[in-house]
Amino acid sequence: MTTPVLYLFGSAAPPVFDVGRVVEDAQARGFDVCLGLTPTAARWLGDQVPVLAELTGHPVRSEYKTPGEPDVWPKADVIAVAPATFNTVNSWALGLTHDFVVGVVAEGVGKDIPLVLMPCVNAAYVQHLRFERSISELREMGVEVLYGEGGFVPNQPGQSRPKEYPWGLVLDAAERLARPRHA
């Protein structure tokens, strides 16, 4: 039995600062973790990126590779996108693959890779009609979306609570989704 590979993708929302702990939790659950970040999240984490690469044993990616360049990650058994910002959720649903993270997950739908998404947006963003449509469309594509009751519940603007972000739910879902591929 091989070790299941988790692609953990994070956007620039405050819970991304805890991603090192989340990688360790995922590894304790038996995952080989490859970490991908949106360009802004990679900038936010700056000096931590080399430490995170050492922790995972893989390069932290935030950009597409060039044509002909070899893939440096093993194939994913499951992909978790968390925290996912308003921009990431909507870009994914619309198929706007301007950055590496969104490109991989958009393609992941077609490759039938199990996908789990947990947004991190405030209550003002969720009032935008596109957000609910995007959530619905991603669910229709087969993405497990952890939003609302039993997932992420938005807070009011300016009331950031990154330590309350329910990371455990993302890893629980990733474990469940990866299990059939490694049973």
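## Fold and surface of a predicted model

Of the 183 residues in the protein, 52% are buried, meaning under 20% relative accessible area with a 1.4 Å probe and protein chains only, whereas exposed means over 50% and partly exposed lies in between. This is a predicted model, in which local features need pLDDT of at least 70 and side-chain atom pairs count only at pLDDT 80 or more, while totals for chains, interfaces and linings use all residues. Residues are numbered from 1 along each chain as its sequence is written, and side-chain values use heavy atoms, with hydrogens and water left out.

The protein has seven helices and five strands, taken as DSSP runs (helices H or I, at least four residues; strands E, at least two) numbered from the N terminus. Their order along the sequence is β-α-β-α-α-β-α-α-β-α-β-α. The radius of gyration is 15 Å, close to the 16 Å from the globule rule for 183 residues, so the protein is as compact as a globular protein of that length. That radius is taken over C-alpha atoms, and the rule is 2.2 Å times the number of residues to the power 0.38.

Further values for the whole protein are tabulated here.

| Property | Value |
|---|---|
| Box filled by C-alpha atoms, along the principal axes | roughly 40 × 35 × 35 Å |

Glycine 110 belongs to helix α5 (residues 100-110). Glycine 110 is exposed, with a relative accessible area of 71%. Between glycine 110 and valine 72 there are 38 residues in sequence and 21 Å in space, C-alpha to C-alpha.
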